[in-house]
Amino acid sequence: MNDYYGILGVAKGATAEEIKLAYRKASRAHHPDIVGHSTAAEEKFKQINAAYEVLSDPKKREMYDLGVDPLAPGGGQPAGHPFGGFSGSFTGFGDIFEAMFSAAAGGAAGQSGPLSRASRGRDQLERLTVELEEAVFGGAKEVAYSTYLTCASCGGSCCAAGTAPTRCSACQGRGVRERLVRSLLGTVRTMDPCRQCQGFGNVIATPCPECSGQGRVRGQTSVQINVPVGVDNGNRLRLMGKGEVGPAGGPAADLYIEFKVKRHPDFVRDGDNLLATLPIPMTAAALGAAIVIQTLDGPREVDVKPGSQPGTVITLEGLGAGRLNQRTRGDLRVELDVQVPTGLDDSQRELLRRLALERNEERPEARFASTGGMFARLKDKLTGK
């Protein structure tokens, strides 16, 4: 027997609210439109829905707790059960009495009238790539996607033009039919969905040729969205009612937009901050300089202090990425990359020799640095210092 409690991840004594919350969480986590369509994903999603169908219904849950799966073939009766040859939906003596009186009232346990052909569509996931500038500042964007749309020919009625559903002659439009079931109290009357109309109470004799009687067709559409300020890879935006339209004009489901931020040639994102590397001449690092750079906010001046070393980081506050649901922004951190000159002519080499002589650096002393440097920083990172 299926472990419905285990499928939803709840205890046997879970409340109805706990079961509902667990079902919502599990269905979101395993929806084929979100995790991808596969046989395993669809089977898992079916198990989740079956578990909720049983555990959310007090009578079916009572039957399941007694050791009988109400969704099993044969009406959920265990092997050897005296009524195992019938497909009744009884869950105990309460259902027997309910069946006796529902027949007189013209209803059926679990179905009080004809079913609706319309049902909600499935949620849909679309992925959208945005530029780094759009992720930082936000902006309007059009998203085109394929989905189910209401059939323009029949308007969701499922019927060909000029026709309409006809009342089912077998059940007279009730969607259910009486049947006799043997029980401990004798033969009782109960109701089952009508096989001729599948419980809808009406029959579509001439389906719409455009949608084959589904009331919806596959097509292209688009939606305008506002890219949230500070959006990052994997963030999702929910658009209610923008997913696929349900069968027979049923309500549209939700559309989820998952964002991917495109790589930028100059800046790397680090959370709310932006990182950049600025190559500068050796002379600028030694003497200091004011250098104008292009940021996402336009030109800004970077003040290089005299004696700046390779790897020095200059922080420009508030020029990083925006923060989701906030009005503040991170910083732009510029790392200096000091360029050693190459291709010197004789005059330039002579100038450097004179500088080395003046600084007593023509014969530099060979001594390892105890701190700092690339390898020291790597060591600190590996040791967690």
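Two strands are said to pair if DSSP finds at least two bridges between them, and strands (E, at least two residues) and helices (H or I, at least four) are DSSP runs numbered from the N terminus. This is a predicted model, in which local features need pLDDT of at least 70 and side-chain atom pairs count only at pLDDT 80 or more, while totals for chains, interfaces and linings use all residues. Residues are numbered from 1 along each chain as its sequence is written, and side-chain values use heavy atoms, with hydrogens and water left out.

**Strand pairing**
- Strand β12 (residues 289–295) and strand β13 (residues 298–304) run antiparallel and are joined by seven bridges.
- The two strands form a hairpin with two residues between them, and T295 has G298 in β13 as its bridge partner.

**Positive phi values**
- Most residues other than glycine have a negative phi.
- Q198, in the loop between β5 (186–193) and β6 (202–203), has a positive phi near 60°.
- A248, whose phi is also positive, near 55°, lies in the loop between β8 (236–239) and β9 (255–261).
- A248 counts as buried because its relative accessibility is 15%, where buried means under 20% relative accessible area, exposed over 50%, and partly exposed in between (1.4 Å probe, protein chains only).

- R28, found in helix α2 (residues 16–30), is exposed, with a relative accessible area of 52%.
- L352, placed in helix α9 (residues 346–358), counts as partly exposed at 32% relative accessibility.
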